[in-house]
Amino acid sequence: MSDFTPLPPLVTDLLAEHKGDTLATATALLDVEQYRSVGEFPVEQGYIWTSLASVENGNPLFWDPELAQELAGGVIAPPSMISVWFRPHSWAPGREQEALPLQVHFDLKALFQLPEAIMTDNTIIFHEPVRLGDVLSTFQRLISISEVKTTKLGTGRFWVIEVVYENQHGDLVGSESYTGFGYKREA
Amino acid sequence: MTASQLFLVDSTIGQTLPVFEYDVTATTVVLGAMASRDWRPMHHDKDFAQHRNGTRDIFINTPNQAAWFERYLTDWTGPKGRLGRVKFTMKGSVFPGDTMHLEGTVTDVIDGDDGCGWVELTVVLTVDGELKTSAAARIALPKTENDNPWLLRGDAWRP
(Lines give C-alpha, C1' and ligand atoms only; values in the text may rest on other atoms or scores of the structure.)
Protein backbone atom coordinates (compact mmCIF):
# COMPACT_ATOMS: atom_id res chain seq x y z
CA MET A 1 0.00 0.00 0.00
CA SER A 2 1.33 3.45 -0.88
CA ASP A 3 2.36 5.78 1.90
CA PHE A 4 0.60 8.56 0.06
CA THR A 5 -2.92 9.55 -0.90
CA PRO A 6 -3.52 10.17 -4.63
CA LEU A 7 -2.94 13.77 -5.65
CA PRO A 8 -6.13 15.64 -6.61
CA PRO A 9 -6.59 16.85 -10.20
CA LEU A 10 -5.76 20.45 -9.23
CA VAL A 11 -2.32 19.39 -7.98
CA THR A 12 -1.57 16.95 -10.83
CA ASP A 13 -2.50 19.63 -13.37
CA LEU A 14 -0.23 22.18 -11.68
CA LEU A 15 2.54 19.62 -11.43
CA ALA A 16 2.31 19.00 -15.18
CA GLU A 17 2.16 22.72 -15.88
CA HIS A 18 5.32 23.22 -13.83
CA LYS A 19 7.05 20.25 -15.49
CA GLY A 20 7.33 18.21 -12.30
CA ASP A 21 8.76 21.04 -10.19
CA THR A 22 7.20 20.24 -6.80
CA LEU A 23 8.13 23.52 -5.09
CA ALA A 24 6.73 25.58 -7.98
CA THR A 25 3.56 23.47 -7.79
CA ALA A 26 3.19 24.08 -4.06
CA THR A 27 3.87 27.79 -4.56
CA ALA A 28 1.07 27.92 -7.15
CA LEU A 29 -1.28 26.49 -4.51
CA LEU A 30 -0.68 29.35 -2.05
CA ASP A 31 -3.93 31.07 -1.00
CA VAL A 32 -6.04 28.85 -3.26
CA GLU A 33 -9.33 27.86 -1.59
CA GLN A 34 -9.57 24.07 -1.62
CA TYR A 35 -11.77 21.29 -0.31
CA ARG A 36 -14.85 23.35 0.45
CA SER A 37 -17.10 20.82 2.08
CA VAL A 38 -20.05 20.44 4.38
CA GLY A 39 -19.81 18.38 7.55
CA GLU A 40 -21.08 14.81 7.24
CA PHE A 41 -23.33 15.16 10.27
CA PRO A 42 -24.88 17.89 12.42
CA VAL A 43 -23.34 18.98 15.71
CA GLU A 44 -24.63 16.42 18.15
CA GLN A 45 -24.89 16.08 21.90
CA GLY A 46 -23.23 12.65 22.13
CA TYR A 47 -19.96 13.84 20.70
CA ILE A 48 -20.01 16.89 22.96
CA TRP A 49 -20.31 14.65 26.00
CA THR A 50 -17.64 12.25 24.69
CA SER A 51 -15.21 15.11 24.23
CA LEU A 52 -15.97 16.55 27.66
CA ALA A 53 -15.51 13.10 29.21
CA SER A 54 -12.17 12.59 27.47
CA VAL A 55 -10.71 15.52 29.41
CA GLU A 56 -13.00 15.32 32.45
CA ASN A 57 -14.34 18.80 31.74
CA GLY A 58 -17.17 19.57 34.16
CA ASN A 59 -17.96 23.07 32.89
CA PRO A 60 -21.72 23.32 33.67
CA LEU A 61 -22.26 25.43 30.56
CA PHE A 62 -21.95 22.18 28.59
CA TRP A 63 -23.76 19.84 30.99
CA ASP A 64 -26.69 21.93 32.24
CA PRO A 65 -29.18 22.79 29.46
CA GLU A 66 -30.86 25.47 31.60
CA LEU A 67 -27.57 27.25 32.20
CA ALA A 68 -26.70 26.89 28.50
CA GLN A 69 -30.04 28.51 27.63
CA GLU A 70 -29.44 31.32 30.12
CA LEU A 71 -25.86 32.09 29.07
CA ALA A 72 -25.68 31.11 25.41
CA GLY A 73 -29.26 30.88 24.20
CA GLY A 74 -29.14 27.09 23.96
CA VAL A 75 -26.79 24.14 23.99
CA ILE A 76 -23.40 24.91 22.51
CA ALA A 77 -20.28 22.84 21.93
CA PRO A 78 -16.96 23.52 23.64
CA PRO A 79 -15.07 25.88 21.32
CA SER A 80 -12.04 23.58 21.20
CA MET A 81 -14.19 20.99 19.40
CA ILE A 82 -14.36 23.13 16.28
CA SER A 83 -12.33 20.78 14.09
CA VAL A 84 -14.31 17.74 15.25
CA TRP A 85 -17.38 18.69 13.22
CA PHE A 86 -15.77 18.33 9.84
CA ARG A 87 -13.65 15.27 10.50
CA PRO A 88 -15.06 12.52 8.31
CA HIS A 89 -16.35 9.21 9.55
CA SER A 90 -13.72 6.47 9.42
CA TRP A 91 -15.92 4.71 6.84
CA ALA A 92 -19.02 5.53 4.86
CA PRO A 93 -21.03 3.57 2.29
CA GLY A 94 -19.66 3.98 -1.21
CA ARG A 95 -16.45 5.69 -0.16
CA GLU A 96 -13.61 4.24 -2.17
CA GLN A 97 -10.66 5.76 -0.41
CA GLU A 98 -9.87 6.89 3.09
CA ALA A 99 -11.23 10.37 3.77
CA LEU A 100 -8.75 12.46 5.67
CA PRO A 101 -9.19 15.71 7.53
CA LEU A 102 -6.81 18.48 6.51
CA GLN A 103 -6.38 16.97 3.05
CA VAL A 104 -4.04 19.77 1.92
CA HIS A 105 -1.56 18.45 4.48
CA PHE A 106 -1.71 14.97 2.95
CA ASP A 107 -1.48 16.38 -0.57
CA LEU A 108 1.76 18.13 0.40
CA LYS A 109 3.15 14.93 1.88
CA ALA A 110 2.37 13.18 -1.40
CA LEU A 111 3.62 16.03 -3.58
CA PHE A 112 7.01 16.13 -1.84
CA GLN A 113 7.09 12.35 -1.17
CA LEU A 114 7.51 12.89 2.57
CA PRO A 115 6.09 9.81 4.31
CA GLU A 116 5.98 11.14 7.88
CA ALA A 117 4.53 14.35 9.29
CA ILE A 118 3.77 16.07 12.56
CA MET A 119 2.00 19.27 13.54
CA THR A 120 4.13 21.80 15.39
CA ASP A 121 1.85 24.85 15.81
CA ASN A 122 -1.91 25.26 15.89
CA THR A 123 -3.73 28.58 16.29
CA ILE A 124 -7.50 28.57 16.73
CA ILE A 125 -9.66 31.71 16.67
CA PHE A 126 -13.22 31.27 17.88
CA HIS A 127 -16.15 33.32 16.63
CA GLU A 128 -19.88 32.51 16.68
CA PRO A 129 -20.58 29.61 19.08
CA VAL A 130 -21.21 26.22 17.52
CA ARG A 131 -24.73 25.09 18.40
CA LEU A 132 -26.48 21.76 18.63
CA GLY A 133 -27.80 20.88 15.16
CA ASP A 134 -25.45 23.21 13.29
CA VAL A 135 -23.98 21.83 10.08
CA LEU A 136 -20.59 23.37 9.51
CA SER A 137 -18.86 23.94 6.24
CA THR A 138 -15.17 24.42 5.80
CA PHE A 139 -12.43 25.10 3.33
CA GLN A 140 -8.65 24.90 3.46
CA ARG A 141 -5.87 26.94 1.92
CA LEU A 142 -2.12 26.71 1.92
CA ILE A 143 -0.55 29.81 3.47
CA SER A 144 3.18 29.11 3.27
CA ILE A 145 5.76 26.48 2.42
CA SER A 146 9.36 26.43 3.65
CA GLU A 147 12.65 25.56 2.08
CA VAL A 148 14.05 22.12 2.92
CA LYS A 149 14.87 21.87 6.64
CA THR A 150 16.52 19.21 8.79
CA THR A 151 15.31 18.64 12.36
CA LYS A 152 15.92 15.87 14.89
CA LEU A 153 13.03 13.98 13.27
CA GLY A 154 14.37 14.07 9.73
CA THR A 155 14.58 16.20 6.60
CA GLY A 156 11.57 17.81 4.98
CA ARG A 157 9.52 20.99 4.77
CA PHE A 158 7.31 23.04 7.07
CA TRP A 159 3.97 24.31 5.79
CA VAL A 160 1.11 26.40 7.18
CA ILE A 161 -2.48 25.56 6.30
CA GLU A 162 -5.52 27.65 7.22
CA VAL A 163 -8.92 26.08 7.80
CA VAL A 164 -12.03 28.28 7.89
CA TYR A 165 -15.31 27.15 9.43
CA GLU A 166 -18.78 28.57 8.84
CA ASN A 167 -22.21 27.53 10.04
CA GLN A 168 -25.29 26.90 7.90
CA HIS A 169 -26.20 30.60 8.14
CA GLY A 170 -22.86 31.64 6.67
CA ASP A 171 -21.60 32.95 10.01
CA LEU A 172 -17.90 32.56 10.67
CA VAL A 173 -17.55 30.20 13.61
CA GLY A 174 -13.79 29.99 13.63
CA SER A 175 -10.53 29.56 11.83
CA GLU A 176 -7.45 27.52 12.47
CA SER A 177 -3.95 27.57 11.19
CA TYR A 178 -1.75 24.50 11.37
CA THR A 179 1.99 24.37 10.95
CA GLY A 180 3.00 20.92 9.75
CA PHE A 181 6.40 19.37 9.18
CA GLY A 182 6.52 16.63 6.56
CA TYR A 183 9.73 14.65 6.62
CA LYS A 184 11.75 11.57 5.80
CA ARG A 185 13.42 9.89 8.72
CA GLU A 186 17.19 9.68 8.58
CA ALA A 187 18.40 6.27 7.36
CA MET B 1 -26.14 23.71 38.90
CA THR B 2 -23.85 26.40 40.26
CA ALA B 3 -20.26 27.21 39.46
CA SER B 4 -17.91 29.89 40.69
CA GLN B 5 -17.29 32.71 38.25
CA LEU B 6 -14.17 34.80 37.76
CA PHE B 7 -14.56 38.46 36.86
CA LEU B 8 -12.11 40.70 35.07
CA VAL B 9 -11.31 42.54 38.27
CA ASP B 10 -10.17 39.23 39.82
CA SER B 11 -7.28 38.80 37.39
CA THR B 12 -3.96 40.61 37.47
CA ILE B 13 -0.82 40.49 35.36
CA GLY B 14 1.56 37.89 36.74
CA GLN B 15 -1.19 35.97 38.49
CA THR B 16 -0.67 32.23 38.36
CA LEU B 17 -3.43 29.69 37.86
CA PRO B 18 -3.71 26.61 40.05
CA VAL B 19 -1.46 23.81 38.85
CA PHE B 20 -3.24 20.88 37.24
CA GLU B 21 -1.77 17.38 36.98
CA TYR B 22 -3.10 14.30 35.23
CA ASP B 23 -1.68 10.80 34.83
CA VAL B 24 -1.94 9.83 31.16
CA THR B 25 -2.77 6.25 30.21
CA ALA B 26 -3.22 4.57 26.84
CA THR B 27 -6.95 5.00 27.43
CA THR B 28 -6.47 8.77 27.83
CA VAL B 29 -4.75 8.92 24.44
CA VAL B 30 -7.19 6.66 22.61
CA LEU B 31 -10.29 8.20 24.17
CA GLY B 32 -9.01 11.66 23.25
CA ALA B 33 -8.34 10.63 19.66
CA MET B 34 -11.74 9.01 19.25
CA ALA B 35 -13.49 11.95 20.93
CA SER B 36 -11.91 14.25 18.36
CA ARG B 37 -12.68 11.81 15.52
CA ASP B 38 -8.99 11.34 14.76
CA TRP B 39 -8.55 7.84 13.37
CA ARG B 40 -4.86 8.17 12.49
CA PRO B 41 -2.99 5.11 13.83
CA MET B 42 -0.27 6.95 15.75
CA HIS B 43 -2.94 7.81 18.32
CA HIS B 44 -4.09 4.24 18.95
CA ASP B 45 -1.53 1.80 17.46
CA LYS B 46 1.71 1.59 19.45
CA ASP B 47 3.48 -0.45 16.77
CA PHE B 48 2.67 2.15 14.10
CA ALA B 49 3.73 5.01 16.38
CA GLN B 50 7.06 3.37 17.13
CA HIS B 51 7.96 2.12 13.69
CA ARG B 52 6.45 4.81 11.49
CA ASN B 53 6.59 7.95 13.58
CA GLY B 54 9.69 7.00 15.52
CA THR B 55 8.03 7.87 18.82
CA ARG B 56 8.20 5.74 21.93
CA ASP B 57 4.47 5.12 22.09
CA ILE B 58 1.08 6.45 20.94
CA PHE B 59 0.64 10.11 21.84
CA ILE B 60 -2.10 12.65 22.55
CA ASN B 61 -3.32 14.37 19.37
CA THR B 62 -3.53 18.11 18.83
CA PRO B 63 -7.34 18.57 19.08
CA ASN B 64 -7.43 16.65 22.36
CA GLN B 65 -4.60 18.78 23.73
CA ALA B 66 -6.77 21.78 22.83
CA ALA B 67 -9.59 20.23 24.85
CA TRP B 68 -7.28 19.76 27.85
CA PHE B 69 -6.16 23.40 27.66
CA GLU B 70 -9.76 24.62 27.34
CA ARG B 71 -10.76 22.57 30.38
CA TYR B 72 -7.81 24.02 32.35
CA LEU B 73 -8.71 27.59 31.45
CA THR B 74 -12.44 27.35 32.07
CA ASP B 75 -11.92 25.48 35.33
CA TRP B 76 -10.29 28.77 36.36
CA THR B 77 -12.72 31.23 34.79
CA GLY B 78 -16.07 29.55 35.33
CA PRO B 79 -18.77 29.14 32.69
CA LYS B 80 -18.88 32.76 31.51
CA GLY B 81 -15.24 32.57 30.45
CA ARG B 82 -15.31 32.50 26.64
CA LEU B 83 -12.23 31.49 24.69
CA GLY B 84 -11.27 33.86 21.92
CA ARG B 85 -8.00 32.51 20.66
CA VAL B 86 -5.40 29.90 21.48
CA LYS B 87 -2.03 29.39 19.85
CA PHE B 88 -0.33 26.10 20.59
CA THR B 89 3.31 25.31 20.01
CA MET B 90 4.09 21.63 20.26
CA LYS B 91 7.62 20.80 21.37
CA GLY B 92 7.19 17.17 22.27
CA SER B 93 4.60 14.47 22.57
CA VAL B 94 2.68 13.27 25.62
CA PHE B 95 2.66 9.50 26.06
CA PRO B 96 0.98 6.90 28.27
CA GLY B 97 2.81 6.82 31.60
CA ASP B 98 3.45 10.58 31.55
CA THR B 99 2.03 12.91 34.16
CA MET B 100 0.81 16.07 32.44
CA HIS B 101 1.54 19.19 34.45
CA LEU B 102 -0.25 22.39 33.39
CA GLU B 103 0.62 25.83 34.71
CA GLY B 104 -0.82 29.15 33.56
CA THR B 105 0.25 32.75 34.05
CA VAL B 106 -1.70 35.90 33.25
CA THR B 107 0.32 38.07 30.85
CA ASP B 108 -2.17 40.87 30.23
CA VAL B 109 -5.55 42.14 31.42
CA ILE B 110 -7.42 44.34 28.95
CA ASP B 111 -10.53 46.30 29.80
CA GLY B 112 -13.06 46.14 27.00
CA ASP B 113 -16.35 47.52 25.83
CA ASP B 114 -19.69 45.75 25.88
CA GLY B 115 -19.31 44.41 29.40
CA CYS B 116 -16.37 42.15 28.85
CA GLY B 117 -12.65 42.36 29.17
CA TRP B 118 -9.86 40.12 28.01
CA VAL B 119 -7.25 38.15 29.86
CA GLU B 120 -4.21 36.90 28.02
CA LEU B 121 -2.26 34.00 29.42
CA THR B 122 0.52 31.61 28.73
CA VAL B 123 -0.08 28.01 29.66
CA VAL B 124 2.64 25.39 29.59
CA LEU B 125 2.22 21.64 29.56
CA THR B 126 5.28 19.89 30.94
CA VAL B 127 6.17 16.29 31.76
CA ASP B 128 8.87 15.78 34.39
CA GLY B 129 9.87 19.42 33.88
CA GLU B 130 10.26 19.07 30.11
CA LEU B 131 8.19 21.44 28.00
CA LYS B 132 5.81 19.57 25.73
CA THR B 133 3.34 22.25 24.62
CA SER B 134 3.05 25.96 25.26
CA ALA B 135 -0.07 27.97 24.58
CA ALA B 136 -0.90 31.64 24.35
CA ALA B 137 -4.58 32.10 25.09
CA ARG B 138 -7.00 35.02 25.04
CA ILE B 139 -10.20 34.60 26.99
CA ALA B 140 -13.11 36.96 27.63
CA LEU B 141 -14.38 37.54 31.16
CA PRO B 142 -17.42 39.44 32.42
CA LYS B 143 -16.86 42.72 34.24
CA THR B 144 -19.97 42.49 36.43
CA GLU B 145 -22.60 39.95 37.45
CA ASN B 146 -24.84 41.20 34.65
CA ASP B 147 -22.27 40.84 31.87
CA ASN B 148 -22.05 37.80 29.64
CA PRO B 149 -19.34 37.42 26.96
CA TRP B 150 -21.32 34.61 25.28
CA LEU B 151 -23.87 37.17 24.08
CA LEU B 152 -21.32 39.19 22.12
CA ARG B 153 -21.73 38.79 18.37
CA GLY B 154 -20.40 40.28 15.16
CA ASP B 155 -18.14 43.28 15.56
CA ALA B 156 -18.67 43.30 19.32
CA TRP B 157 -16.75 40.02 19.57
CA ARG B 158 -13.06 40.73 19.02
CA PRO B 159 -11.08 37.55 19.70
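In this predicted model, strand 3 (residues 137-150) of chain A is joined by 11 bridges to strand 4 (residues 155-166) of chain A, and the two run antiparallel. Within strand 4 of chain A, the residue standing opposite A:L142 is A:I161. Helix 5 (residues 103-112) of chain A lies across strand 1, strand 2 (116-126), strand 3 and strand 4 of chain A, and runs at about 155 degrees to strand 4 of chain A.

These strands belong to an open sheet of 10 strands with antiparallel pairing, in which the order is 1(A)-3(A)-4(A)-5(A)-2(A)-2(B)-5(B)-4(B)-3(B)-1(B). From one strand to the next, the twist averages 20 degrees.

In chain B, strand 1 pairs with strand 3 (residues 99-110) in the antiparallel sense over four bridges, and B:Y22 has B:M100, in strand 3 of chain B, as its bridge partner. Strand 3 of chain B is also joined by nine bridges to strand 4 (residues 116-127) of chain B, the two again running antiparallel, with B:T105 opposite B:T122 of strand 4. These two strands form a hairpin with five residues between them, and B:D114 in the turn has a positive phi of about 60 degrees.

The largest nonpolar core has 81 residues, and those with the most contacts inside it are A:W85, A:L108 and B:M100. Helix 3 of chain B supplies the largest share of this core, namely seven residues.

Helix 3 (residues 62-77) of chain B has 16 residues and reaches 23 Å from its first C-alpha to its last, close to the 22 Å expected at 1.5 Å a residue. Because 15 of its 16 residues are buried, helix 3 of chain B is largely enclosed by the rest of the structure. The N-terminal end of this helix is capped by B:N61, a side-chain oxygen of which lies 3.1 Å from the backbone nitrogen of B:N64, and the helix is followed by B:G78, whose phi is positive, near 90 degrees.

How values were computed. Residues are numbered from 1 along each chain as its sequence is written. Chains are lettered from A and ligands numbered from 1 in the order in which they are written. This is a predicted model: local features need pLDDT of at least 70, side-chain atom pairs count only at pLDDT 80 or more; totals for chains, interfaces and linings use all residues. Side-chain values use heavy atoms; hydrogens and water are left out. The expected span of a helix is 1.5 Å times one less than its number of residues. Buried means under 20% relative accessible area, exposed over 50%, partly exposed in between (1.4 Å probe, protein chains only). A polar contact is a pair of N or O atoms within 3.5 Å; within protein, one must be able to donate a hydrogen and the other to accept it, and residues adjacent in sequence count only if both atoms are side-chain atoms. A nonpolar core is a set of buried Ala, Val, Leu, Ile, Met, Phe, Trp, Tyr and Cys residues joined through side-chain atoms within 4.5 Å. Two strands pair if DSSP finds at least two bridges between them. Axes are lines fitted to C-alpha atoms, for helices over the stretch in contact, and angles run from 0 to 180 degrees between N-to-C directions. Contact means heavy atoms within 4.5 Å.
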